[in-house]
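Please look over the sequence and the structure shown here before reading on.

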Amino acid sequence: MKRQWLSRWSFLILLLLFSLLLAGCWDYHELENLFIVTGVGLDQVADSDKEEDPDKEANTEKMDVTLQIGKTQSPSTGSSDTGTQKSSAILLKTAKDTTMESIMQLDQDSSRTMLLHHNQVMLLGRDLAKSGIENRIDAFLRNQQMRMEVLVMVADRRAEDILAAELEEEEISSMYLYGMMQDLYNVSPHYKIRMLDFVSRLRDGTSSAVAPIVELVEQEDKERLKLKGMAIFKKDKMVGSLSSQEMQGYIWTMGNVKQGALAAQTDLGRAVFRIVKLEAKRDIGLNPNGSIRGTISVYATLALTELRGFSGMTPLELMPYLVTLSENEIKRQIRDAFKVAQELDADIYRFGLDFHRRHPKVWKTIEEQWDQLFREMDLDLQVKVKLPATGQIAKSLEMEEPKP
Amino acid sequence: MIANARFFPFSGIVPNDLVMLIKNNSWKELSILLLGFLFRKLSFLGNQYALYRKTTGPYDDRTKGPGMEKELTKNLAYLKDNLSDSCDLKVHPLEFGPKNQWSGAMVFIEGMIDNGKITDGILRPLKDWRPESKMPAAGDGLINELAKKVICAGSVKPVASLGDIILECLSGNTAVLVDGCATGLIIGTKGWEKRSVSEPQSETVIRGPREGFTENICNNTALIRRKIRSGRLHVENLIVGRRSQTDVRLMYLEDVASHEVVAEVKKRLGRLDVDAILESGYIEEYIEDAPFSPFSTVGYSEKPDVIAAQILEGRVAILVDGTPFVLTAPMLFIESFQTTEDYYTRPLYASLVRMLRFVGYLISIFAPALYIALTSFHQEFIPTTLLFSIANAREGTPFPVLLESMGMVFAFEILREAGIRLPRPVGQAISIVGALIMGDAAVSAGLVGAPVVITVAITAVASFLVPAQNDAASVLRVVMMVLASFTGWYGISMGALAVLMHLGSLNSFGVPYFNGLAWTRDQEDTIVRMPLWFMIRRPQGIPENNTVRGRFFIPVFRPHEVLDEDSEDEQEEGPKERGAGA
């Protein structure tokens, strides 16, 4: 009897020991055996490859997947040959049907395991974005290693060129892109498009997704990355883009702007304002004739930062003039962006979602024809600007003294 | 087969059985057999321990020895014989009386007596002694006369047993034997070279008393008495150790300390059956509640103010002759985080430092384990930039991260141990060499990464914040590192949970070890140190009676302003009256 009891206990202890020893080291990875992936680029298969292998043309499913990997260097060797150091990023490229297949292939071919948790940015090549991406990004949503916080961006040409860019400011281009978006995030949260934001727009049916466009510019033998507006997606296909100016209009429409600049030009001169705070209130309703009416009220607090011209005006005359001037400029830019969106039938402002929330019953009847309704929608735009101060000086050097 | 069994080290497992099991590939039975053996050994130990805990009653091995004979020579012969004829045993023959008619002997041990006391207290009075009335006869009368009228010493007592004489001589007293008397006299002449009261090396303070205990138990008792001038401060002497016959004293406040704890301490001291007590650590190991736990359940200190504070909180102090370290029981976990200076500096800063100590303690246990877990399991937890700098440092280092940090922790322990044992000037050289080699050379040689060095360094420095828990932290640190290398964060949290459960289950002399940190209202002196006027209660669970220290009152804020207001009121009253009169 006692012996049985003993053996039972012994077996239990054995099981506990095994559970520690066998389940241990499950996810164990030494850092030096990891490739830290900082950026993923998806491109349509390059033309040159197609010519080499005609079979590939038939298979349109294939795409080029480029992984950018931050190179790690031991400090002792790194310090000795800083002169010969070329780039601190490694690019691995392969073409497979899906993203994960490509990553697995690259994993197999390289000496280390891919660590995808620290992926900063997912870059879509322009051509790929135009051909539709719904069937390309499943891995980014399904896989636990791929975070939903990863930035989504569109490359002006090919994503791999952006990832390969050698920049002065930052050794790894995707870290630079991340820093750039983080900086813009301080201006307005609507600049930074994460995978989460991107997909939620794709999912809600009527809204159109946007993503910043990055452009590789060569200036005096140096490569630079620039933000060149925003790509507009209709469903999952890129259909057009907003220019830098129009992008600003879009951002203002969305409100919650904490920084930024605004320049306005008239015959009298040029005024530059700094945005201290810009809020936008949106209202959407149904007109009696069945069309949609959207109201956007923008409340902005500006600060005057630079003036040129306006000679012959006293500060007292100037300030109300500047207020209307800036109001008109804001209106103009917002309307420009809205026009582009309407032309593309792309509801980038998520008016459809707003309408759905406010009038859920009506929404069911008009959901089908939303694109047309959006195209014909009136925008009632009201802009209120507060310009509380003139800055450190009241009048510029060009302006005349006020008559006593 | 039986003969085999006897010589085989695993008693109970016959090798033939083993061979058979291995041949048959019955691994399950084999493992059960081996683990069963381990289990039996452990349960044997457990039974022995239970048996030990059951034993009660004091152990008294003092040989009473035979009674004294009338002939001096016989007595002296017995003493010489039983003190192993040692050369430091001095027998000084005496002849005294008006006509030198009495002969006797003075017996003492050289070096343990005060020569001045012997000259002035025994030799000179005996020589000058002229009995006023008739001569007392040799016998008890003579001894009484000597004790009462002749000998000049603080402590004189008659003794009739030769065993007692041996013991007293060994404690530094002098025996005076007279021929023809069956009793002798023991005169207190203790006096030997001893260290004077000085600043303790292990517990230095910026603000607070600098005196520390010495190796002399009488001095130590007096040092505590000087702090607590209360009649209720009870001192009790026990003698422990078959051969060392060490004086052990219990000190506690009779009207505060828990009688159960006092009885328990006495009971545990009573069942000690040991050869010698050379340091209070011997006592601690025999009376502590959890001998296999990394946490100590008996406190100790080298400073009288600390021990006085402990006694005032209702604890029992255990003083041991021959060591400056005094034990206190019961001990709480929180005690390790309290220092005397917490109560001597103002409460705001004291609380801040207290919290720092908790953080430091957690760092000293978990920092290397966290580093291992984060870098080898949870890379996604580390910010990207930091990950790159760690990865850069890891690049080209030859060992896995566990081995790397284990090596550094090991090297640190070596350096610490070397630094402690060596004399101070050499110790400094060691620390410089250690810091240079470990901190710089190892990194630039590419043996270890800089982040490991930083982690181990902060761990090492943090461990000095709570010196009382240093040994527990050193053990737990290694355990946590191994757990972290197995299962990452999961292992660390399981380990931490196990440690917490263990801490929660510990008891020290019937008082829960985690008192003060547990979910009670007794938090005045835990994470923060409340102002002294707020802490009017002694810690819960330790004292039995008089749990309140004093009356609660809030000291007057801005006393000068209050005075001013009063005087203003008086001034205002004057004109008003005058105005009313007008």
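What distance separates the centres of domain 2 of chain B and domain 3 of chain B, taken over C-alpha atoms? The two centres lie 36 Å apart.

## Domains of chain B

The model is predicted. Four domains divide chain B: domain 1 covers residues 1–28, domain 2 covers 72–187, domain 3 covers 217–343 and domain 4 covers 344–505.

## Confidence

For the complex, the predictor reports a pTM of 0.82 and an ipTM of 0.85. In chain B the average pLDDT is 85, and 90% of the residues reach a score of at least 70. The pLDDT falls below 50 over residues 57–61 of chain B. That stretch, 57–61, still has seven contacts in the model beyond near neighbours in sequence.

Residues 570–582 of chain B also have a pLDDT under 50. For residues 570–582 the model shows zero contacts beyond four places in sequence. Where pLDDT is low, predicted coordinates should not be read in detail.

## Where chain B touches chain A

On chain B, 27 residues are in contact with 30 residues of chain A. The elements of chain B that supply two or more residues to this side are helix H3 (27–54), helix H13 (347–376), helix H14 (384–394) and helix H18 (470–505). H14(B) contributes the most, with eight residues.

Sorted by class, the side of chain B that touches chain A holds twelve nonpolar residues, twelve polar residues and three charged residues.

Methods: Residues are numbered from 1 along each chain as its sequence is written. Chains are lettered from A and ligands numbered from 1 in the order in which they are written. This is a predicted model: local features need pLDDT of at least 70, side-chain atom pairs count only at pLDDT 80 or more; totals for chains, interfaces and linings use all residues. pLDDT is the predictor's confidence in each residue, from 0 to 100. Two residues are in contact if their C-beta atoms, placed from the backbone, lie within 7 Å. Helices (H or I, at least four residues) and strands (E, at least two) are DSSP runs, numbered from the N terminus. Ala, Val, Leu, Ile, Met, Phe, Trp, Tyr, Cys and Pro count as nonpolar, Asp, Glu, Lys and Arg as charged, and the others, Gly among them, as polar. Domain bounds come from an automatic or database domain assignment.
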